[in-house]
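The sequence and structure are shown first.

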Amino acid sequence: MVSNELLSELIPGIPEEIGLECLIRFHYSTHRIAARVCRRWQELLQSREFYYLRKQTGNTQKAACLVQLLKSGSDPDRSKPVGPPRYGITVFDPVNGIWDQVDPVPKYPDGLPLFCQVTSSEGKLVVMGGWDPTTYDPVRDVFIYEFRTQRWRQGKQMPETRSFFAAGEFEGRVIVAGGHDENKNALSAVWAYDVSRDEWTELARMSQERDECQGMVIGSEFWVISGYRTDNQGGFEGSAELMDLKTGQWSRVEEAWKASQCPRSCVGVGKEKKLFCWADCDSAIRVGVCAVPLGEWTFVSGSAYQGGRQGFFLVDEQSGKFKSIDVPVEFSGFVQSGCCVDI
């Protein structure tokens, strides 16, 4: 319940409950401006209980949060970008067709850590790990973006240095598994990060090490798909492992994925939990595909060939039909990875 203190005088002359009904229908993109109306609105719009009320009443919006290549300057003939690649967070609202960019992480104002992992938790965006964009050293940083306040905060660092790991979220905890350490040794270790408590807890290890694996949560199971061992660099396996998040027990699934195929950002889930690769679904997204499930739709991006122009699509979950998206030029860069955030 929203406290009576926050309800009072929301809109003068209108009963508080009606005023609240109006405010919970505001699109999340308007909250920054609406919070400037008065202190009472600011306190309400930025409160945790207001987010849960919006979610309970079906007034949150599923948005794709994308790690996307930022547009930069060009060389004299304006054909090639100049300088190292820079990535930022793009937010796409599929219902209203709105594209926006999140403010840079204060620690990395010129671009996110390269190959960082993103996931979401209770309306927040969580960014983990990656490589320092200047030194290319692996980092253990954790950052949380609060859409309620539209500000970044820094979380407790990952307990271990790891790159190209699997990640997924369940009931306020972000699970990370596999990847490799600073010496390129593949990992089997698994940790859980409690976003609200800012605490890390070690979980049971996987049965084997898995580098460049893909993580996803299906129901109450955390899946770690494919990957390869230290002594078999680039030899992606067809197996997967899944943890029952209620019991913490692991089980192994053989032939869950096409052996030799990299699973990063391109795994889809079909009927009876059958996994597939989005790159096999349409010739327009054969290369560099990234898929983000958004409920009734899945956001998909990719190119027809190496170096080709990026295509952006919404795929209907029922019919499987691809619908092309018109994208402003400033949001037309390569999408490295992404996740769904219920804002």
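A residue is called buried when its relative accessible area is under 20%, exposed when it is over 50%, and partly exposed in between (1.4 Å probe, protein chains only). The structure is a predicted model, in which local features need pLDDT of at least 70, side-chain atom pairs count only at pLDDT 80 or more, and totals for chains, interfaces and linings use all residues. Residues are numbered from 1 along each chain as its sequence is written, and side-chain values use heavy atoms, with hydrogens and water left out. Strands (E, at least two residues) are DSSP runs, numbered from the N terminus.

**Positive phi angles**

- Ser 226 is not a glycine, yet its phi is positive, near 60°.
- The loop that holds Ser 226 runs between β13 (221–225) and β14 (240–244).
- Ser 226 has a relative accessible area of 0% and is therefore buried.
- Glu 122, also not a glycine, has a positive phi of about 50°.
- Glu 122 is placed in the loop between β4 (117–121) and β5 (124–128).
- With a relative accessible area of 34%, Glu 122 is partly exposed.

- His 180 belongs to the loop between β9 (173–177) and β10 (190–194).
- The relative accessible area of His 180 is 6%, so this residue is buried.
- The side chains of His 180 and Asp 211 are joined by a polar contact of 2.9 Å (a pair of N or O atoms within 3.5 Å; within protein, one must be able to donate a hydrogen and the other to accept it, and residues adjacent in sequence count only if both atoms are side-chain atoms).
- Beyond its neighbours within four places in sequence, His 180 is in contact with several residues, including Thr 161, Phe 164, Leu 187 and Asp 211, where contact means heavy atoms within 4.5 Å.

Notes
Helices (H or I, at least four residues) and strands (E, at least two) are DSSP runs, numbered from the N terminus.
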